[in-house]
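Here are a few friendly notes to read with the model open beside you. Take the points in order and look for each feature as you go.

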Amino acid sequence: MRNPQGLRVPIHLGRGAAEPLPDQLAGQLRKAIDSGQLAAGIRMPSTRTMAVALKISRGVALTAYQILHSEGYVTSRHGSGTYVATRARQAERAPLRPPTRPNAVDMRPDQPTADAFPLAEWRAAWRRASH
């Protein structure tokens with residue numbers, strides 16, 4: 001085990017719950033990060049260690065980590081592991097900046113767009129680029 005101390009946050013997964021196991025695990029880890037139980041920079045257990053400790057498949061742990069990574073809660077360092085990301089809590093985030101030019105979409109990670117995504121324009125640009 002690369003992280004023998006394991007995770008020091010209680011995780012309770014309900015196998016009979018309507019919510020899938022990866023979403024349950026990601027949600028509980030997200031709450032622990034937002035509440036400060038898991039501080040920024042802390043190394044997370046490997047997916048194998050997490051799977052053994054929680055008696056789940058490694059795929060469940062891996063999917064939960066991927067969810068948290070896509071939301072900006074954790075970062076991965078090749079060959080080093082997964083760490084809690086340095087990020088502001090939800091309540092402390094700065095307000096969104098308006099786009100710098102008309103019809104621009106803010107594509108920064110973990111930031112909602114100010115306007116709806118211009119799907120028709122995206123498809124048109126995709127068609128032009130593919131021809």
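1. Helices (DSSP runs of H or I, at least four residues) and strands (runs of E, at least two) are numbered from the N terminus. With that in hand, the order of elements from the N terminus reads α-α-α-β-β-α, giving 4 helices and 2 strands.

2. A word on the source: this is a predicted model, where local features need pLDDT of at least 70, side-chain atom pairs count only at pLDDT 80 or more, and totals for chains, interfaces and linings use all residues. Residues are numbered from 1 along each chain as its sequence is written, and side-chain values use heavy atoms, with hydrogens and water left out.

3. How much of the protein is buried (under 20% relative accessible area, 1.4 Å probe, protein chains only)? Of its 131 residues, 26% count as buried.

4. Now find helix α1 (residues 21–35) and helix α3 (residues 58–71): their axes, lines fitted to C-alpha atoms over the stretch in contact, come within 8 Å and cross at roughly 50 degrees. That angle makes α1 oblique to α3; oblique covers what is left after under 35 degrees (roughly parallel), over 145 (roughly antiparallel) and 65 to 115 (roughly perpendicular).

5. Which residues meet there? A contact means heavy atoms within 4.5 Å. From α1 come L21, P22, D23, L25, A26, L29 and R30, and they meet V60, A61, T63, A64, Y65, I67, L68 and E71 in α3. The residues of this contact divide into 11 nonpolar, 1 polar and 3 charged, where Ala, Val, Leu, Ile, Met, Phe, Trp, Tyr, Cys and Pro count as nonpolar, Asp, Glu, Lys and Arg as charged, and the others, Gly among them, as polar.

Conventions: Buried means under 20% relative accessible area, exposed over 50%, partly exposed in between (1.4 Å probe, protein chains only). Axes are lines fitted to C-alpha atoms, for helices over the stretch in contact, and angles run from 0 to 180 degrees between N-to-C directions.
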